[in-house]
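Visitor: Can you walk me through this one? I'd like to start with how the chains meet.
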Amino acid sequence: MKRFIRYLITLVLLFVSVMFVLDTIYSYAFQHGVPRSKFQSILQLENQHFDYAFLGSSRTESHIDCEIITRITGKSCVNLGIHAGTIEDSYVLMKLLISNGVSIDNAFFQLDDNYSKKGLSANFKARLLTYTNNKTVRKELLKDPNNQIFRMVPFYKYLKNDHVIGFREVFNTLVGNTPKTSMKPEIRPLVGQSLTVHTEFPKKLPQSNAALTNLKQLFASQKSKLYFFAAPYCDRLKNRTTYFSSLKQEFPGLFDFTTLYDEQPSFYFDCGHLNFTGAKDYSEVFAFKLLSLGSKKK
Amino acid sequence: MLFNSIEFLLFLPITFIVYWVVFKNNIKGQNFFLLFASYVFYGWWDYRFLGLIVASTLVDFFVGRALGNTKLKSNRKWLLGLSITFNIGLLGFFKYYNFFIESWIEAWATIGVAMHTSTLQIILPVGISFYTFQTLSYTIDVYRRKLAPTNDIINFGVYVAFFPQLVAGPIERATRLLPQFSKKRIFDEDQAISGIHLILWGLFKKMVIADSCATYVNVIFNNYEDMNTASLILGAVYFSFQIYGDFSGYSDIAIGTARLFGFDLMRNFNYPYFARDIAEFWRRWHISLSTWFRDYLYIPLGGSKGTKVNQLRNVFIIFLVSGFWHGANWTFIIWGGVHALLFIPLLLSGRNRKYTGHICEGRYLPTLRVLLAIILTFILTTFAWVFFRANSVMDAMGYFKRIFSTFDFSLQYLSIERYNVEMLLIVSSFIVFEWFHRNWEHPFQGRWKWLKITAIAVLLLTLGVYSDHQEFIYFQF
């Protein structure tokens, strides 16, 4: 039995050693390699100032063309929307950007069915885990005690999220393969036209969202203004009117663009997203809204 | 619980420690504990089906005892019939009830007659195809007087429910496994270490080869209408390796786990894709099932004796039943039928036992003739696998039709954000690695043992599928 126990211990030590080495290689690759995700690109922003920043999910990422915003308003702009992003994602992202020396005068946060979503999105969390040596990241992750295991067991985070930060992703990062679509903090245009419905709004608005409260406090501490807006949705979406009526009651200053393109179905990629043509028009509308916002302040 | 799960990672060492430390030198205690652990293991899937396995155990235990106490032939036949009826009935109800009802309805619908019979919401108990066959082998062997019936219900219970091989085999024979539960087990370090090696190799085959191939197979088979010829051919090849990695990986883990407890299970796979003809393939693939059918169905039917017509009949029965055993779908029956058609020419020409020894013994590389024979056999088995994997016969026919109608061999970017050829490097490397270890049970032997273990550890951690892991294919049987 002693020889077997010694053999087992040797095997376990071998596996643990391999996991340590792989964890070091993977983490180095993700932190220093070619950015292959929007998250990595955004984290490369350092010591910059933006007049306007747009936060949210794909309905920000694929809708806001900062070139148009800048052309019309003359102000600097950055698109920080991340596909499938939650409010918590945006909050953590902003914390990291602030620690990188990024400042924002006016932030615009896309608010819709994400109000009922809690926690970090799976893909964002996976990307975040590659930065566990960052103090801010560690602090945010460890708010959830279930995440302790990612700190304690080397390489475990890469095993658990191998579909996002697995071998293929590391390999492509190390050899410098850039992804097919741009991962820069700019618009990610959608091409196509349909009114396919992929979601449904709940009948009732949730009571509150702690991440949103944190986001408000964060911007307040930076003396930045935070505005909320609701992106266009096609009129086929169930409970659209009731949901956004409730949301506007909760957030009276909400810029409501939900019904903007009810008469222009050709602007939609699907019921919840605009295609590039729609996004360009929407960006112009938004830019003029920002101008009127600026003139009201005066 | 799955072998590649956190639960099993905790279950196994606890069971091991209790078995060898708490019940040291206590055979009865060890067997009782193994029975308890096996029921926990099985009940983890669904505790409601524990009753079935207990029922099957009790029926065959008492049938065995009664067979031992009865000399009258008619009574013995009656008792055997009872066991067969109960076990096949159990299998038939849970596995095939809805298939028969739906096929009956469809058959009448083809001539315009609408039937109003409803199917039941029946859940298939995991492992039922395996443990019913295992208990049947006991009663049949007792009936044939090849084995004395056991009076120890705990031993028999463990034989039926032994957790390493309970849910997906190997299907053990009572003559081989049951006596092992009556013998004193002394911890054998070499046996235990070889068990660990088999577990490691099995995990590699399952998590790296099978689960990685599954990612491509699922998207190709589920969207075959959008695939080009290259993708469809690759899909079939990848499935060949998915099912091999999955099933042989499971068997290796089962055999390795059994060795940790001092038991020796039969080998279930012997490098089947290096077979030089279909007959040899079936001597290397799922050996426990093919030998079960040979001994309990083929030989009683007359086997290869008798007229050519009888021989052909027996071959068809065996392969069709074998196909049907795999699942309640016409695709499995057709898969079996295809293999029957491929086997028959060898049988009729007397060449079905041409290849029984080692492949290219004493040679480093195969001769051109052997290589061509291996490739041809692989192509034929892969062709048959398309029926096995397809959701329906129509889908399988559609799959083949698309292969021969597009003739587009270009690179195709799949919806899983990968190119169709990406898995080829891993599969090819795996084939070469297995070739150079084809005479060994597992590759962790010899001079470079620790280098290979380290390499497999790296590959298991980097290429293994963890976030999207697949259940073992044979659990559905």
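Guide: Keep in mind that this is a predicted model. Chain B and chain A bury about 2300 Å² between them, and carbon and sulfur atoms give 72% of that area.

Visitor: How many residues of chain B are in contact with chain A?
Guide: 30 residues of chain B touch 22 residues of chain A.

Visitor: And how many salt bridges across that interface?
Guide: The rule finds 3 between chain B and chain A. One of them joins A:Arg3 to B:Asp190, with the closest N and O atoms 2.4 Å apart.

Visitor: Which elements of chain B give two or more residues to the side that touches chain A?
Guide: Helix H1 (6-22), helix H9 (189-222) and helix H18 (449-463) of chain B. H18(B) has the largest share, with 10 residues.

Visitor: What about polar contacts between the two chains?
Guide: There are 7 residue pairs in polar contact between chain B and chain A, counting pairs with both residues at pLDDT 80 or more.

Visitor: Back to A:Arg3. Where does its salt bridge with B:Glu189 run?
Guide: A:Arg3 and B:Glu189 meet at 3.3 Å, N to O. The pair crosses between chains, from helix H1 (residues 2-32) of chain A to helix H9 of chain B.

Visitor: Is A:Arg3 buried, exposed or partly exposed?
Guide: Partly exposed. A:Arg3 has a relative accessible area of 36%.

Visitor: How accessible are A:Lys248 and A:Asp256?
Guide: A:Lys248 is partly exposed at 35% relative accessible area. A:Asp256 is partly exposed too, at 26%.

Visitor: Now chain B. Are B:Glu280 and B:Arg276 buried or exposed?
Guide: Both B:Glu280 and B:Arg276 are buried. Their side chains meet in a salt bridge, 2.8 Å from N to O.

Visitor: Which residues are linked in a network of salt bridges?
Guide: A:Arg59, A:Asp112, A:Asp113 and A:Lys117.

Visitor: On to rings. How many aromatic pairs over all chains?
Guide: The structure holds 109. Among them is B:Phe241 with B:Phe378, a tilted pair at 5.6 Å centre to centre, with 40° between the planes.

Visitor: Where in the chain do those two phenylalanines sit?
Guide: B:Phe241 is in helix H10 (residues 229-260) of chain B, and B:Phe378 is in helix H15 (residues 368-389) of chain B. They are 137 residues apart, so the pair links distant parts of the chain. B:Phe241 and B:Phe378 are both buried.

Visitor: Which charged ends sit over rings?
Guide: Here are two. The charged end of A:Lys280 sits over the ring of A:Phe276, 4.7 Å from its centre. The charged end of B:Lys95 sits over the ring of B:Trp325, at 5.1 Å from the centre.

Visitor: Last one: helix H6 of chain B. How many of its residues are buried?
Guide: 7 of the 9 residues in H6(B) (residues 153-161) are buried. They include B:Phe156, B:Val158 and B:Tyr159.

Visitor: What covers the buried residues of H6(B)?
Guide: The cover includes helix H2 (27-43), helix H3 (50-69), helix H5 (128-143), helix H7 (163-166) and helix H8 (174-182) of chain B.

Visitor: And what happens at the start of H6(B)?
Guide: A side-chain oxygen of B:Asp152 reaches to within 3.1 Å of the backbone nitrogen of B:Ile154.

Conventions
Residues numbered from 1 in each chain as written. Chains lettered and ligands numbered in written order. Predicted model: local features only at pLDDT ≥ 70, side-chain atom pairs only at ≥ 80, totals over all residues. Heavy atoms only, no water. Phe/Tyr/Trp six-rings, centres within 6.5 Å; stacked < 30°, edge-to-face > 60°. Helix = DSSP H or I, 4+ residues; strand = E, 2+ residues; numbered from the N terminus. Buried < 20%, exposed > 50% of the residue type's maximum accessible area, 1.4 Å probe, protein only. Lys NZ or Arg CZ within 6 Å of the ring centre and 35° of its normal. Contact = heavy atoms within 4.5 Å. Buried area = accessible area lost by both parts, 1.4 Å probe. Salt bridge = Lys/Arg side-chain N within 4 Å of Asp/Glu carboxyl O. Polar contact = N/O pair within 3.5 Å; in protein donor to acceptor, adjacent residues only side chain to side chain.
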